[in-house]
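Hi everyone, thanks for making time today.

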Amino acid sequence: MCGIFGYIGKNVKVSALIDGLSRLEYRGYDSCGFAGVHQGRFFLRKRPGKIAQLKKELKPVLNNQFGTAILHTRWATHGEPNKKNAHPHLGGAGNIAIVHNGIIENYMKLRSILIQEGVKFLSDTDTEVISHLIEKFYKGTIEEAVYEAVKELKGSYALGVISKREPDKLVVVRKGSPLIIGLGKDGKFLASDLPALTSLVKKVVHLEDEQIAVVSRCDTKVFNFQREQVDVKIEDIIITAEDTGKKGLAHFMLKEIYEQPQVFKRIQSLYVKNNRVCFPNINMKESYFKNIKKIYITACGTAYHAGYVGKYLLEKYCNLDIELDTSSEFRYRKVNLGKDNLLIAISQSGETADTLAAVKEAKKKGAKILSICNVLGSSLIKESHGFIHTVAGPEIGVASTKAYTAQMSAFYLFTLYLSQVKGLVDEKQSQEFLFDFEKVSQYVEDIFKDDKKMKKIARKFSRFGCFLFLGRGINYPLAMEGALKLKEISYIPAEGYAAGEMKHGPIALIDEYRGVVCIAPKDELYEKMVSNIQEIKARKGKVLGILNRGDTEASTLSDEIIYIPEFKNQDFAPFLVAVCLQLFAYHVAKNLKCEIDQPRNLAKSVTVE
Ligand code: F6R
């Protein structure tokens, strides 16, 4: 949440800096700003709204060049999204400017101390205390002032700091929020995430937690919070500018939905050899997994829904007890974890604050951590004993799609891995499991062919003001995910429910104005789903059935149907259901002319609690 971009070097055009910032817009888009040093003074522009607005304002100077600049795109935490709260923020004497991603938890206390000392605050943000603290400690070198200021701060922060008195320096700090330094020939860039750097540099330094870097045109020095210089680890960027583009499609979300078949193939080719599953970075012995009895799973949002599918699989195929909780709850529960317990943490970004806190808490109690994560080098992977990389490639659309089904894929293969290690499956059963997994990409491609029909159905259902998504068994979490996808990008209230729970309350919602999405593939709970659909029809609800081709019962009750192919093992149906629900949400939101890639109030990578 919040995107930071910056530059120190020979000179770069304002337009290039704005382009860099735009590539981080998925991290927040309610206000933005630019501060550059020009002839010993700050050139500062801030405004509410999206980066396009800022670009418009900067039109007369887009070709001007700066050697030192910091930029920010905000997702508001403290203070509403307006001009005064937008970053960068200046210190009282106007010597320094800062951009910040994170939350300063003790800002109220710091603010009142600074006010007593005579400081005048211009914004409602927590960030402004940092700029005043740095200004207060500024005696001629920014890094000294930053060291002193950081001692006072509690919370999480990624910071970019510049001074008009020392225009040849950019000081950056990371504690709990990601920051990357891109190393170019004529200068260095600063960014919250790699997509902003792919077209600018080939080498990067991922700043680690509790590190401060002093960056100049020719040099990058990194220190820990104890002021000891540490080695700079330079890495190649492994994603390309093409990976982070839209490939000619209208939205990142659509592009990412379409990428899923390739992701499934990539995962299979990476982790399956001769019908055996092998995870190169799992870093735990087979003997450990052989004896494991209980596993905890934690994640947030869509990743939590992937974990829910994982719970069903591991319980069914590996005879394990599984406890699942959202990270924001798990981190505060008194869970009796110990060294014999495994916690699986799932995250696309690997930077989600609650998931990281849950992991740290579990680690403190001695538990082992296995993460399922899409971003190599992320904080989550660094905190984990082992990890499964979901290799979905950069996900830019705020609504998670390909990362979600990649997380599910990781769980399917992890389930087979555990079953193999525990001797619960033989060669033939492994082959059958993998046969269906291999079919997933082909079946998803089949679903894409029905695009016209999907659009028609979405048009029809766009007029409903409220939705229920119902599923049972392994498709219950899919109902929750379908509802989440729809509400986050179309703003239509939607609830995902276990179909069996309908009679305990939500059935009161049903009338001819409600859309009810019923996930009813032919599996062992199919007949029960059919009864639930009967109950909805009896109350005039409008049913959209997600059914297998050749269905003869639920199809007669449904107002509209999205057909999906049938697997030999119907536990694989969630992949197809997921893709249908993503496309459904996408087309409904498109009909309603919503901002699909940047839904209101949301941002990708939730780095604050
Ligand atoms: C919804 C969505 C969010 C994320 C959640 C966790 O489409 O994307 O619910 O799934 O914020 O994010 P990660 O996976 O980065 O931990």
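**Around strand β12**

Let's start with β12 and strand β13 (residues 220-224), which pair in the antiparallel sense over five bridges. Before I go on, a word on the source: this is a predicted model, where local features need pLDDT of at least 70 and side-chain atom pairs count only at pLDDT 80 or more, while totals for chains, interfaces and linings use all residues. Residues are numbered from 1 along each chain as its sequence is written, and side-chain values use heavy atoms, with hydrogens and water left out.

Two terms for you: helices (H or I, at least four residues) and strands (E, at least two) are DSSP runs, numbered from the N terminus. Two strands pair if DSSP finds at least two bridges between them.

Back to β12 and β13: a hairpin through four residues joins β12 to β13. Across this pair, V214 has K221 as its bridge partner in β13, and V215 has T220. On to strand β8 (residues 170-175), which runs antiparallel to β12 and is joined to it by five bridges. There, V171 has V214 of β12 as its bridge partner.

Is β12 (residues 211-215) mostly covered or mostly open? Mostly covered: five of its five residues are buried, and buried means under 20% relative accessible area, with exposed over 50% and partly exposed in between, using a 1.4 Å probe and protein chains only. In a regular strand the side chains alternate between the two faces of the sheet. Here Q211, A213 and V215 point one way from β12, and I212 and V214 point the other way.

Now zoom out. β12 belongs to an open sheet of seven strands, in the order β5-β6-β7-β8-β12-β13-β14, with antiparallel pairing. At its edges are β5 (89-90) and β14 (229-230), each pairing on one side only. Helix α4 (residues 127-137) lies across β5, β6 (96-104) and β7 (155-163), at about 135° to β6. Angles run from 0 to 180 degrees between N-to-C directions, and axes are lines fitted to C-alpha atoms, for helices over the stretch in contact. Contact means heavy atoms within 4.5 Å.

**The eight-stranded sheet**

Next, eight strands form an open sheet, ordered β3-β2-β4-β1-β10-β9-β11-β15, with antiparallel pairing. β3 (41-48) and β15 (234-236) stand at the edges with a single partner strand each, so one side of each has no neighbour in the sheet. From one strand to the next, the twist averages 20°. Helix α1 (residues 14-22) packs on this sheet, touching β1 (3-13), β2 (31-38) and β4 (65-74), and its direction makes about 155° with that of β1.

**A helix pair**

Now look at helix α7 (residues 260-271) and helix α14 (residues 427-449), which pack at an angle of about 165° with their axes 9 Å apart. α7 and α14 are therefore roughly antiparallel to each other; the cut-offs are under 35 degrees for roughly parallel, over 145 for roughly antiparallel, 65 to 115 for roughly perpendicular, and oblique for the rest. Residues making the contact include F264 and I267 of α7 and F437 and V444 of α14.

**One last residue**

Finally, find S605, in the segment after α19 (573-591). S605 is buried, with a relative accessible area of 10%. Leaving aside neighbours within four places in sequence, S605 is in contact with M1, R27, S349 and E351.
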